[in-house]
Amino acid sequence: MSESKKHPDSSRRAFLATAAVAASAAVIGLRPRTAHAALPHLSEADPLAKSLGYRANHNQVDSAKFPTYKPGEYCGQCRFFLGKPGQASGFAGCQIFAGYAVDANGWCASFNARS
Ligand code: SF4
């Protein structure tokens with residue numbers, strides 16, 4: 001008896017399992033791009049952003065109020081930035097401000113340089 005006669009539904013089940021895995025992979029593959037594109041830009045007026053002195057332009061950081069700021073530091077150099085390392089323009093997510101995109105040229109008091 002051939003394999004397909006012993007298990008007539010086996011090829012159909014195998015096809016459905018493969019299709020389910022492919023569909024899951026497609027969803028997983030699309031999620032970061034879709035979620036990333038949909039992130040709203042972090043407002044400097046956001047309460048947490050305000051408390052951490054976030055500025056979309058690091059040149060506007062109030063260094064008297066946030067003395068840990070060193071001129072030249074910006075989000076693109078921060079380990080919490082989810083964009084490209086060294087990215088100097090555009091927006092990307094930030095691990096500190098979940099659900100928002102921060103300006104690559106910005107800064108906040110949680111800045112932690114990439115090693
Ligand atoms: S934690 Fe880093 S990436 Fe996030 S806003 Fe602050 S400086 Fe920018």
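Here is a quick tour of this predicted model, stop by stop.

Before you click: numbering starts from 1 along each chain as its sequence is written. Local features need pLDDT of at least 70, side-chain atom pairs count only at pLDDT 80 or more, and totals for chains, interfaces and linings use all residues.

**Whole chain.** Colour by secondary structure and you'll find three helices and two strands, in the order α-α-α-β-β from the N terminus. Those are DSSP runs numbered from the N terminus: helices are H or I with at least four residues, strands E with at least two.

**Ligand.** Of its 14 residues, Cys75, Cys78, Phe81, Cys94 and Cys108 come nearest.

**Leu42.** Skipping neighbours within four places in sequence, pick out its contacts (C-beta atoms, placed from the backbone, within 7 Å): they include Phe97, Tyr100 and Val102.

**Cys108.** Finish in the segment after β2 (101–103), where cysteine 108 is found. Cysteine 108 counts as buried because it has 26 C-beta neighbours inside 10 Å; the cut-offs are 20 or more for buried, 12 or fewer for exposed, and partly exposed in between, with C-beta atoms placed from the backbone. Leaving out residues up to four places away in sequence, cysteine 108 touches Ala49, Leu52, Gly53 and Tyr54.

How values were computed. Near = placed C-beta within 6 Å. Contact = placed C-beta atoms within 7 Å.
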